[in-house]
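I opened this notebook to record what I looked up in one structure. The entries are grouped by topic.

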Amino acid sequence: ETLSSCYFMSDSFKKSVPKICTSPIEMILCLDHKQSMYCQLLTGLLQRDHVVSVSSIFGSVLARSIKFLEDYWNELCSNIRTGCLSDWITDPGCRNAVSSILTRPNPELADTIEHICGNESWEGIIKKLWPKAKYINSVITGTMSQYISLLDFYGGGIPLVSPSYGSSESTFGINLNPLSNPYDVSYTFLPNMAYFEFLPVDKDGEEKARESNLDGVSSQWLSEMINANGNVEHVDFTNVKLGQYYEVVVTNFTGLYRYRVGDVLKLTGFHNNSLQFQFVERRNSVLSVDMDKTSEADLLKAIRNAKRHLEPLGFIMEQCCSIVEESLDFTYKSLREANKIAALELRVVKHGTFDALMDFYVSKGASINQYKTPPCIKSEEAVKVLNSGVLEKFFSPKTFFLS
Ligand code: AMP
């Protein structure tokens, strides 16, 4: 059972929902995510003056909700205007919960929302629709950092707060500096949640031991970590080193023993006797090409870099391919120069293609709350979904020179 479903089903959550949330529990637990999202947006709009923060577990869900609003705001406004809920909402829990909030026709509110949503630009839409919202509360580190600029745009200047870092295996840490730059968030570990150990890895997620075996060198720090069998030793909470990268290993109360969650973290600081880590990447998201390991974090950085260079120029796609490549690491570039890796290809997909990908995974049983855009896709069916949205393909120049 995932952390979020465990939490959502708990009595304490059910009791706290009416105090902290505009969405009644029946909507949160509704299994039809379209009906659930529609009704949660409706009740959120009806109670717009009470909303002090706009939240979802992951930033991707918030981005998806705004997209949903784009498609449904006309219908939502018509429900608010008439005081009647659309017929296609058939889930009894949702209908029942809406009926206690949508109690009368409210044409003034419908006009206001129509006016806001009818504006050509949706910049700052969250602030306009929920004027008392003080912050956006959503995980936007790691894979989710790709949504930062979008949520900044919709938020219109209200801060993005990434509250915590956790998984189904354990809660790891909380963000004690909620207003920190979204690209710079560190989580302070909660040492009482589980027994944490750390496996030293290099920046690209390779275990240190393997790296040192390859080069035949082992620095003093590394040799301390390697035991007589040549394996990397786990280190505990008190033996980690500032600035180093680690994979987190969990022994928890439900019986997992030394479970490798697969996340790579960087130790950035201390809080009293606890540790503060920056989330770097999911280890299993590393893309492998020959000897090259291009990590998801590297890829996200390269794309951000390309976007920054291109925005003032308009979109010159071939140049974009080149800038992405130039932003990747030395191994990639060397292999590319030696022609071991072919020219980088960027495919432009039509609007909504990544939503279709999410729908595909949700139809296969993924939870919309838990969904994270996969950085690397092996399923042929999923590749088909992406390919069916391709509008254009661009390549970097055939030959590449190391600069
Ligand atoms: P799940 O196993 O579906 O509960 O998802 C847990 C995973 O989500 C973690 O192992 C991380 O990879 C990712 N995750 C959770 N919280 C954060 C966070 N604050 N920043 C980055 N990634 C996160």
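**Entry 1: strand 9 and its neighbours**

I began with strand 7 (residues 195–201) and strand 9 (residues 245–251), which pair in the antiparallel sense over seven bridges. I read strands as DSSP runs of E of at least two residues and helices as runs of H or I of at least four residues, numbered from the N terminus. I count two strands as paired if DSSP finds at least two bridges between them.

The model is predicted, so I noted its limits: local features need pLDDT of at least 70, side-chain atom pairs count only at pLDDT 80 or more, and totals for chains, interfaces and linings use all residues. Residues are numbered from 1 along each chain as its sequence is written, and side-chain values use heavy atoms, with hydrogens and water left out.

I then looked up individual partners along this pair. Val-201 has Tyr-245 as its bridge partner in strand 9, and Tyr-195 stands opposite Thr-251 in strand 9.

Is strand 9 mostly covered or mostly open? I found it mostly covered, with seven of its seven residues buried. Buried here means under 20% relative accessible area, exposed means over 50%, and partly exposed lies in between (1.4 Å probe, protein chains only). Both faces of strand 9 are covered: Tyr-245, Glu-247, Val-249 and Thr-251 are buried on one side, and Tyr-246, Val-248 and Val-250 on the other.

Strand 9 also pairs with strand 10, in the antiparallel sense and over five bridges. In strand 10, Tyr-259 is the bridge partner of Val-250.

**Entry 2**

I followed the pairing onward from strand 10. Strand 10 and strand 11 run antiparallel and are joined by eight bridges. I noted that Leu-267 stands opposite Phe-277 in strand 11. The two strands form a hairpin with two residues between them, and Asn-272 in the turn has a positive phi of about 50°.

Strand 11 also pairs with strand 6 (residues 187–189), in the antiparallel sense over two bridges. The bridge partner of Thr-188 in strand 11 is Gln-276.

Why is strand 11 largely enclosed by the rest of the structure? I recorded that eight of its nine residues are buried, so strand 11 is largely enclosed.

**Entry 2: the ligand**

Of the 15 residues around the ligand, Thr-141, Ser-164, Asp-263, Arg-282 and Gln-370 come nearest.

A polar side-chain atom of Thr-141 lies 2.6 Å from a nitrogen atom of the ligand. A polar backbone atom of Ser-164 is 2.8 Å from a nitrogen atom of the ligand. An N or O atom in the side chain of Gln-370 is 2.3 Å from an oxygen atom of the ligand.

How much of the ligand's area does the protein bury? Taken alone, the ligand exposes 500 Å², and the protein buries 89% of that. These accessible areas come from the Shrake-Rupley method with a 1.4 Å probe.

Strand 4 (164–166), strand 10 (259–271) and strand 11 (274–282) are the elements that give two or more residues to the shell. Strand 4 gives the largest share, three residues. By class, I recorded six nonpolar, six polar and three charged residues in the shell. Domain 1 (3–162) and domain 2 (171–282) each supply at least three residues.

**Entry 4**

Strand 1 pairs with strand 2 (residues 135–139) in the parallel sense over four bridges. Phe-58 has Val-139 as its bridge partner in strand 2.

Conventions:
A residue is near a molecule or strand if one of its heavy atoms lies within 4 Å of it. A polar contact is a pair of N or O atoms within 3.5 Å; within protein, one must be able to donate a hydrogen and the other to accept it, and residues adjacent in sequence count only if both atoms are side-chain atoms. Ala, Val, Leu, Ile, Met, Phe, Trp, Tyr, Cys and Pro count as nonpolar, Asp, Glu, Lys and Arg as charged, and the others, Gly among them, as polar. Domain bounds come from an automatic or database domain assignment.
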